[in-house]
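Hi there,

Here is the structure I promised to send over. Have a look at it first, and then read on for what turned up when I went through it.

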Amino acid sequence: MKGIVFDIDDTLYCRQDMLVQAAETVLGVKVPDWREFIRIFYEKSDINMAGLESGEISTHDINGWRYNETFRLMGLPYKPENGGEAADAYLELQSHMFLSEDMKTALDAFSSDPGIKLAILTAGESKHQWNKVVMLGLDKWFSRENIIVTGDVGISKPDVRLCRLLENKLGLTPDELWMIGDNYDKDIIGALVSGWHSVWINRRLLPPPERRPDVEVTSDKELTDVLMKLFVTDPSAT
Ligand SMILES: [Mg+2]
């Protein structure tokens with residue numbers, strides 16, 4: 001038996017493109033270096049995650065602040081109201097979010113295999129993350145009881161208790177579990193500390209960390225290829 005636990009943002013779907021696109025629409029300029037833009041935006045995201053999870057700050061407000069900070073640090077021309085406008089544009093884009101066909105094929109294969117259990121571990125505000133579950137149609141492959149939103153349980157990634165919670169839910173041991181995620185410090189460290197296997201999606205080509213995941217991929221295509229290779233024993237059945 002194997003358990004595959006997915007992060008949502010930038011794992012099951014690509015959020016980075018939407019964040020950059022929203023900024024470009026509002027500012028009316030092309031972001032010169034999208035990797036640097038995302039690096040700063042995500043660095044700012046880590047600062048307020050606790051407030052977001054507790055519901056003290058709304059996702060919209062915090063995104064407005066993150067945008068303005070990123071505009072400022074990248075030297076992009078902006079007015080104070082642009083942060084909030086970009087947050088609005090991003091929310092609008094998110095309402096059309098979708099899974100790639102390759103990801104759907106992979107999830108179809110995993111969910112029809114009795115030897116595989118699927119789960120989700122996602123960080124953020126409860127309502128916002130559950131909306132994504134609905135918008136992406138994730139109910140088709142993941143049972144609700146196997147979806148953990150950190151905002152609901154009051155524990156933040158990479159706390160090892162989140163992994164223990166999933167082990168209990170799925171009835172699996174650490175060596176039977178795989179974490180699939182894009183955030184090295186949150187998703188991968190949590191898995192490494194818990195004795196799980198892991199696949200790290202390193203789209204921004206960050207330098208190799210000291211403690212390595214089992215597998216590292218740099219694109220969505222490579223991710224679904226690797227997942228199929230790792231978890232589908234009979235590819236002709238899909
Ligand atoms: Mg993520």
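This is a predicted model: local features need pLDDT of at least 70, side-chain atom pairs count only at pLDDT 80 or more; totals for chains, interfaces and linings use all residues.

If you want to display the contact, the H2 side consists of Phe37, Ile40, Phe41, Lys44, Ser45 and Ile47. Facing them from H4 are Asn63, Trp65, Arg66, Tyr67, Glu69, Thr70, Phe71 and Leu73. Sorted by class, this contact has eight nonpolar, three polar and three charged residues.

Next, the metal site. Which residues hold the magnesium ion? Its protein donors are Asp7 and Asp182, each through OD, and Asp9 through its O atom, at 2.1 to 2.3 Å from the ion. Along the sequence these donors follow the spacing D-x1-D-x172-D. Asp9 sits in the loop between strand E1 (2-6) and helix H1 (16-27), while Asp182 is in the loop between strand E4 (177-181) and helix H10 (184-194), so this pair ties together parts that are 173 residues apart in sequence.

Are these two residues buried or exposed? Buried means under 20% relative accessible area. Asp9 has 10% relative accessibility and therefore counts as buried, and Asp182, with a relative accessible area of 11%, is buried too.

A few backbone details are also worth a look:

- Asp10, in the loop between E1 and H1, has a positive phi, near 65 degrees, although the residue is not a glycine. Asp10 counts as buried because its relative accessibility is 1%.
- Leu205 also has a positive phi without being a glycine, here near 55 degrees. Leu205 belongs to the loop between strand E5 (197-201) and strand E6 (215-217), and is exposed, with a relative accessible area of 52%.
- The peptide bond from Lys157 to Pro158 is cis, with omega near 5 degrees. Pro158 is in the loop between helix H8 (150-153) and helix H9 (160-170).

Best wishes

Note on methods:
Residues are numbered from 1 along each chain as its sequence is written. Side-chain values use heavy atoms; hydrogens and water are left out. Donors are N, O and S atoms within 2.8 Å of the metal (3.2 Å for Na, K and Ca); water is not among the atoms, so sites may look incomplete. Helices (H or I, at least four residues) and strands (E, at least two) are DSSP runs, numbered from the N terminus. Buried means under 20% relative accessible area, exposed over 50%, partly exposed in between (1.4 Å probe, protein chains only). Contact means heavy atoms within 4.5 Å. Ala, Val, Leu, Ile, Met, Phe, Trp, Tyr, Cys and Pro count as nonpolar, Asp, Glu, Lys and Arg as charged, and the others, Gly among them, as polar.
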